[in-house]
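Reader: Please take me through the aromatic rings and the strand pairing of a model, one feature at a time.

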Amino acid sequence: ETRALDEASFSNTDNYTVVVTDKDGYVKMDCKGSEVASKMPITLPIGSCTVKAYYGTEAPASRNSFYVLGEWNGNIKTDQKESITLTCEPTCGRIKVDFDADMATYYSDYNVTFSGTKALENGTFAWSKNDNDPWYVALDKGGEDINFTINTTTKDEYVNSANQEQTYAYTGKFRLERNKAYKMHVNVEYHPSQGGSTSGEVGLTITIDESTNDKNETIEGPVTWI
């Protein structure tokens, strides 16, 4: 399966930017993860400090990138030498849609539009019937509900009466969490009318699968200072 984004690059700590800030807000180190070892140890004034590591770019919804962040806030004491480990996690959830192969038998067109997260505001993003690459959706720390609309156009031969609408929108929502992957399975149900004609009732069943989650991996980057 091909993807527009190489997720493996996010497992390489060399790609991350590491920033150490002292109690006065001055940046004491700002470098790539591959350079951290050569800059150790560093000296910080007594007081609070922040260590942050990040990689990628955050967007409301993207197929090209997502953002991974780890942050540590602490205090430096007299003659203290300490090593810390940052756990970096995505600020997004991942969505894919799996259309039943029989959808093409009964529908001339179909797609899914998503909306409703804070980052999206009034915007939307869509999954067309031929899409393959996942969407990465920026989320609040506690997760968010996302709305979906499945838009369908039934083929003429499966419209069972003059009163049946040929286009129809199925709506719903489900919960998204950061650092989790979700697959929406969309399956078609067809109930032929009596008498042997091809017309009948066509509908959908929708299942949200969270079991597709990849094994979560924490990205650890040690930083030691004096």
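Reader: Is tyrosine 54 buried, exposed or partly exposed, and what is its relative accessibility?

Author: This is a predicted model. Tyrosine 54 counts as partly exposed because its relative accessibility is 24%, and the cut-off for buried is under 20%. Tyrosine 67 has a relative accessible area of 18%, so tyrosine 67 is buried.

Reader: How many aromatic pairs does a search of the whole structure find?

Author: A pair of aromatic rings is described by how far apart the centres are and by the angle of the planes. Searching the whole structure gives 13 aromatic pairs. One of them joins tyrosine 54 and tyrosine 67, with 6.1 Å from centre to centre and 35 degrees between the planes, and this pair is tilted. Tyrosine 54 belongs to strand S3 (residues 47–56) and tyrosine 67 to strand S5 (residues 67–76); the two are 13 residues apart, and the pair links distant parts of the chain.

Reader: What kind of pair do phenylalanine 114 and phenylalanine 125 form?

Author: Phenylalanine 114 and phenylalanine 125 form a stacked pair, with 5.0 Å centre to centre and 20 degrees between the planes. Because phenylalanine 114 lies in strand S8 (residues 107–115) and phenylalanine 125 in strand S9 (residues 125–128), the pair ties together parts that are 11 residues apart in sequence. Both phenylalanine 114 and phenylalanine 125 are buried.

Reader: Which residues do ring pairs link into a cluster?

Author: The cluster linked by ring pairs consists of Phe10, Tyr16, Tyr55, Phe66 and Tyr136.

Reader: Where does the charged end of arginine 63 sit?

Author: The charged end of arginine 63 is over the ring of tryptophan 127, at 5.0 Å from the ring's centre. In another case, lysine 129 lies over the face of tyrosine 110, 5.8 Å from the ring centre.

Reader: What is the order of the strands in the open sheet?

Author: Strands of a sheet pair through backbone hydrogen bonds, in either a parallel or an antiparallel sense. Here an open sheet of 4 strands runs in the order S9-S8-S11-S12, and the pairing is antiparallel. S9 and strand S12 (167–176) are the edge strands, each pairing on one side only. From one strand to the next, the twist averages 20 degrees.

Reader: Over how many bridges do S11 and S12 pair?

Author: Strand S11 (residues 144–154) pairs with S12 over 10 bridges, in the antiparallel sense. As an example of a bridge, threonine 153 has threonine 167 in S12 as its partner.

Definitions and conventions: Residues numbered from 1 in each chain as written. Predicted model: local features only at pLDDT ≥ 70, side-chain atom pairs only at ≥ 80, totals over all residues. Heavy atoms only, no water. Phe/Tyr/Trp six-rings, centres within 6.5 Å; stacked < 30°, edge-to-face > 60°. Buried < 20%, exposed > 50% of the residue type's maximum accessible area, 1.4 Å probe, protein only. Lys NZ or Arg CZ within 6 Å of the ring centre and 35° of its normal. Pairing = 2+ DSSP bridges. Axes fitted to C-alpha atoms, helices over the stretch in contact; angles between N-to-C directions.
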